[in-house]
Amino acid sequence: MTGAPTVACPACDGTAPAGCHRCARRGLRRAQLVLTVANLDTGAVASHEVLPSNLDPRPVAAGGWAVDLTPRVRELAAEAGVTATVEPVVVPMPTAWRPDLPAAERRELAARALAGAARPAWRVWVGRSTAPPPVDPARRLGRLCALADLLLLDLVVEARRHGDALRWAVRYEVPGSPVPDLPPEPGFADLAAALADTDVGDALTGLGERGRDAPARQLRPDPLRPLIPVAANVARVARRVRADCAGRAGGGRLPGAQAVWRAGRWWHTGLRPGGPAPDLAGQPTGLRRSRPHRPDGLPRNRTPLRRAAEPPDPPWLGEPVPSRPCPACRPARRRVAWALSCATCAGTGRVHQAALVTLTDLRCRVVHLAWRAGVPEPMPAVSVRPGGRSVVRLPDRYRLGAWATVFGVRPEDLAEADGGHALPPDVRDGYVALPWAGADPVGEQVAAVGPALPAARLLVTAVRPDAPPLAELLRLACGLDLALLVNVLDLRRHPAAPMRAHGVLWSVDLRAPAAPVRPDDLPDLPSLAAAVAHCLECLDVTLPETAPADPGTPVPVPRSTPCPLPPDPVPGLRRLAARHAGRPLSVRFTRAGRTVHRHDDDRLRPLAEGVDLPDRRLT
């Protein structure tokens, strides 16, 4: 096949001034869909190419015709030896399609249907030979409740009305967080489904945004309280939340309800409409402005929700954390519709004078620290930065990396619980650059952990990334006929610059086989395991982007039989990075071999090309 079938874009002719997100201003759309299933354990890859000529529409109960590709995906999974649950893949046909139409007209309508469904044009399922054990909703809810008690957080089970149905969500919040404006995304049809798809990391994601306006109070944890297993009754919690959504006699239905696990017990409350507030939309530039007005000229307003009853304060909340007005912005400026988000306070208007740090292994161990600005600490200067700013190092209790050994992990394994971002090296190692002589080092460290922490809290996980060996990802890339790009930078010879990143930095990415190495392909993660885990987590976005941009170029249809793991490339990568310490390297693996590029400032310098990584020194 020399080219992929295409159809004219129904939204534009390729000359739209603002472009078209469907055809990228080409005026054509690809009428080809490739389905692929890959086995991460064996390297087997099975694919099926869907074209207008091989569509087999069948009548559907609701009327019309459609092509159900779900059985074909299941066949591919069986061929690749992957155990996976496949969601329906259906191509609806245009209403004008009928089996008695002339063949040319049927093909044209089929091409239009396939072009509409081929977004993305390459759909890839990556799985393993053995399916993970099914999630027990009761056990997961019990674990989430127990961790809420350990981390001094609320666990919120929420249902909101979506038409005639309820959409469920499970998440962690800091006490005092307002009800989020938007309904849960994606939302689940029942509580059991929400629990099956929400692990601890998912429940923590977004904690900072949800708790931005929560009041900050000191923590008074009970040091002798062990992690107590919680026996959770999912059906009972769901029944009570549904009953609260239905409302009381004569009160009508409510827009939603919550069950809040706080301090060892459930608290139930309905959600009621609050006062209307202007609806602000985030802009790509970082600006926020009111949404366009309604047809009658009045501004659009949103109706936030509030709890009908707030649970009582937990016993581990203490006095308020001191704060001061933000020195970088003024209240009058924060109230205008157009405003840049303040980098100092993130728009809250206040700066906390303490940081409450919680380190945890997300199992049974936790350490709570309180860093308070103004506390005098003896510390010597360790260096002087350009411009005369002294760099000091705080004592061990302010060095989060020093706590890593308590949890049996490496300092580079520490990450923010909300989002999994790596800690900055200065925060991790306790280095502080003083803006002037006599500045408060602890106060500077408190400011460095980030603006607008939720209730002044920073949650840090001490967990090794769950990632397979790099060789598995290399085998997957070869099976999919893609390029594996590994960027590495060895900074272990730079001890004289304590504020900058050190150790060995990594990044791993999958690219189209012909995609070149770019100057901005730079490593940014503190461990190879974290880089591999991040690459696997982003496959659902990365893989479709490797399809050819030109709709006339066909999407490849990769196939591969099971094969052994290739030789481990990591030792060679480490040796190569050490020989070029201080210079980022980009190593590109394909079926044809490997290429090595060194980043010299803003340009790339090819170092080697061949089958194996070079062992000799490259200059």
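Trainee: What makes the contact between the side chains of Glu 158 and Arg 171 a salt bridge?
Mentor: The distance, N to O, is 2.8 Å. A salt bridge needs a side-chain nitrogen of Lys or Arg within 4 Å of a carboxyl oxygen of Asp or Glu, so the Glu 158–Arg 171 pair qualifies at 2.8 Å. Before we go on: this is a predicted model, where local features need pLDDT of at least 70 and side-chain atom pairs count only at pLDDT 80 or more, while totals for chains, interfaces and linings use all residues. Residues are numbered from 1 along each chain as its sequence is written, and side-chain values use heavy atoms, with hydrogens and water left out.

Trainee: Where in the chain do Glu 158 and Arg 171 sit?
Mentor: Glu 158 is in strand β9 (residues 154–162) and Arg 171 in strand β10 (residues 165–173), 13 residues apart, and the pair links distant parts of the chain. Strands are DSSP runs of E, at least two residues, and helices are runs of H or I, at least four, numbered from the N terminus.

Trainee: Why is Glu 158 called buried? And what about Arg 171, buried or exposed?
Mentor: Buried means under 20% relative accessible area, exposed over 50%, and partly exposed in between (1.4 Å probe, protein chains only). Glu 158 has 0%, so it is buried, and Arg 171, with 8%, is buried too. Glu 158 also bridges to Arg 160, with the closest N and O atoms 2.9 Å apart. Arg 160 is buried as well.

Trainee: How do you know that Asp 361 and Arg 363 form a salt bridge?
Mentor: Their closest N and O atoms are 3.5 Å apart, which is within the 4 Å limit. Burial is another matter here: Asp 361 counts as buried because its relative accessibility is 3%, whereas Arg 363 counts as exposed because its value is 54%.

Trainee: What makes Thr 269 a buried residue, and what does its side chain meet?
Mentor: Thr 269 has a relative accessible area of 5%, so it counts as buried. This residue is in strand β13 (residues 265–273). A polar atom of its side chain lies 3.2 Å from the backbone nitrogen of Ala 308. Contact means heavy atoms within 4.5 Å, and leaving out residues up to four places away in sequence, Thr 269 touches Asp 244, Ala 257, Gln 258, Arg 307, Ala 308 and Ala 309.

Trainee: Why is the aromatic pair of Trp 261 and Trp 266 called edge-to-face?
Mentor: Rings of Phe, Tyr and Trp (its six-membered ring) pair if their centres lie within 6.5 Å; planes under 30 degrees apart count as stacked, over 60 as edge-to-face and the rest as tilted. The search of the whole structure finds three aromatic pairs. Trp 261 and Trp 266 have 5.3 Å centre to centre and 75° between the planes, hence edge-to-face. Both Trp 261 and Trp 266 are buried.

Trainee: And what class do the rings of Trp 371 and Tyr 398 fall into?
Mentor: Tilted, because their planes stand at 45°, with centres 5.7 Å apart. Trp 371 lies in strand β24 (residues 366–372) and Tyr 398 in the loop between β26 (390–393) and α9 (400–403), so the pair ties together parts 27 residues apart in sequence. Trp 371 counts as buried at 0%, and Tyr 398 at 1%.

Trainee: How do you know where the buried residues of α15 point?
Mentor: In α15 (residues 570–579), Val 570, Gly 572, Leu 573, Leu 576 and Ala 577 are buried. Seen down the axis, they fall within an arc of 160°, so they line one face of the helix. The arc is that of the directions from the helix axis to the C-beta atoms. Their cover includes α12 (470–479) and α13 (528–537).

Trainee: What about the buried residues of α13?
Mentor: Those are Leu 528, Ala 531, Val 532 and Cys 535. Their arc is only 95°, which puts them on the same side of α13. Among the elements covering them are α14 (539–545) and α15.

Trainee: How many residues does the largest nonpolar core have?
Mentor: It has 64, and Leu 480 and Trp 506 are among those with the most contacts inside it. Such a core is a set of buried Ala, Val, Leu, Ile, Met, Phe, Trp, Tyr and Cys residues joined through side-chain atoms within 4.5 Å.

Conventions: Polar contact = N/O pair within 3.5 Å; in protein donor to acceptor, adjacent residues only side chain to side chain.
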